[in-house]
Amino acid sequence: MLDQQFKYNHVMGAHPYISPENASFDKLCKRADEAPQMYGWIANYHTNLSRGREHWSQDFIKSLADVDSTEVSFYLVNGLLAGHIFMVKVSQETFEQLLFGKLQDHELTPAHLISSDQPGCLYMLSTYLGGAHVSQDFVAQLLFTLVEDPQNTSFGYKARSDIGIKLMDFLGGVVVHTGEALTERLDGAKYQGKRRSYVSFHLQRQVLIASALFINLIRNSK
């Protein structure tokens, strides 16, 4: 029984220690004093999420966070890390290599990243949404980050769980590649009846601007 429980996919967007009711949260950036410790937690989260197929380290996360164009947000509810965003900016060539598995995420170095004032693509290296209140802020931040700066031409994300698939379906992402097939029930992300180590999504800026989702977001923010 314990073995089965530990294999369960505990990344469905509902943090077990936080009330499901609307809750306030603190949003911290990468300059926060707590950031180094949280990089370690993100590394642990990703290693656990991938069942050890992809091993990240705190130093790896920090090296990418130190690049000026990297966007990092931490969501804390009553002192608990209830969500995070870790988004890097890369060239079109690097972007495609990441989405199609020709360059693995853990192989990224600061040299692969480009400055915020260059035309390029936003790649969501890691994210966790531990509640509806966190998710709503995440979606707003993602949409406005992609839309407000015309230098951000595209957005990409490798969904490694079912909630990641649902998130990108909601945003209108297009599937461009899938990772290796998995045999464990509830492991990875389920796509077209099969479980995959990841499913790569691509979202173009111009498509997002014309979407009903973005129009409604603009309308509700006024």
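This section describes the nonpolar cores, helices, strands and selected residues of a predicted model. Residues are numbered from 1 along each chain as its sequence is written, and side-chain values use heavy atoms, with hydrogens and water left out. Because the model is predicted, local features need pLDDT of at least 70 and side-chain atom pairs count only at pLDDT 80 or more, while totals for chains, interfaces and linings use all residues. Helices (H or I, at least four residues) and strands (E, at least two) are DSSP runs, numbered from the N terminus.

The largest nonpolar core has 31 residues. A nonpolar core is a set of buried Ala, Val, Leu, Ile, Met, Phe, Trp, Tyr and Cys residues joined through side-chain atoms within 4.5 Å; buried means under 20% relative accessible area, exposed over 50%, and partly exposed in between (1.4 Å probe, protein chains only). The members that touch the most others are Met-87, Met-124, Phe-138, Leu-143, Phe-155 and Leu-171. At least two residues of this core come from each of β2 (71–77), β3 (80–90), β4, α5, β5 (152–159), α6 (162–171), β9 (199–204) and α8 (212–221). The most is given by α5, with 8 residues. Another core, of 27 residues, lies apart from this one and includes Ala-35, Phe-86, Phe-95 and Leu-103.

Helix α5 (residues 132–148) has 17 residues. From first to last C-alpha, α5 reaches 24 Å, close to the expected 24 Å at 1.5 Å a residue, where the expected span is 1.5 Å times one less than the number of residues. The buried residues of α5 include His-133, Phe-138, Gln-141, Leu-143, Thr-145 and Val-147.

In helix α3 (residues 58–65) the buried residues are Phe-60, Ile-61, Leu-64 and Ala-65. These residues lie on the same side of α3 because they cover an arc of only 130 degrees around the axis, the arc being that of the directions from the helix axis to the C-beta atoms. They pack against α2 (35–49), β2, β3 and β4. In helix α4 (residues 92–99), Thr-94, Phe-95, Leu-98 and Leu-99 are buried. Their arc is within 130 degrees when seen down the axis of α4, so they line one face of the helix. The elements covering them include β3, β4, β5, β6 (174–178) and β9. Just after α4, Gly-101 takes a positive phi of about 75 degrees.

Strand β2 is mostly covered, with 6 of its 7 residues buried. Strand β1 (residues 26–29) pairs with β2 in the antiparallel sense over 4 bridges; two strands pair if DSSP finds at least two bridges between them. Asp-26 stands opposite Leu-76 in β2. The pairing of β2 with β3 is also antiparallel and runs over 7 bridges, with Met-87 in β3 as the bridge partner of Glu-71. The hairpin of β2 and β3 has 2 residues between the strands, and Asn-78 there takes a positive phi near 50 degrees.

Thr-127 lies in strand β4 (residues 120–129) and is buried, with a relative accessible area of 7%. A polar atom of the Thr-127 side chain lies 2.9 Å from the backbone oxygen of His-84. Leaving aside neighbours within four places in sequence, Thr-127 is in contact (heavy atoms within 4.5 Å) with Tyr-45, His-84, Ile-85, Phe-138 and Tyr-157. With the same exclusion, the contacts of Met-124 are Ile-85, Phe-86, Met-87, Phe-138, Phe-155, Gly-156 and Tyr-157.

His-46, in helix α2, is buried at 2% relative accessibility. Its contacts, leaving aside neighbours within four places in sequence, are Glu-54, Trp-56 and Arg-160.

Ile-209 is found in helix α7 (residues 205–209) and counts as partly exposed at 30% relative accessibility. Ile-209 and Phe-144 are 65 residues apart in sequence, with their C-alpha atoms 9.8 Å apart in space. Beyond four places in sequence, Ile-209 is in contact with Val-147, Phe-214 and Ile-215. Ile-215 is found in helix α8 and is partly exposed, with a relative accessible area of 39%. Not counting residues up to four places away, Ile-215 touches Ile-209 and Ala-210.

Definitions and conventions. Polar contact = N/O pair within 3.5 Å; in protein donor to acceptor, adjacent residues only side chain to side chain.
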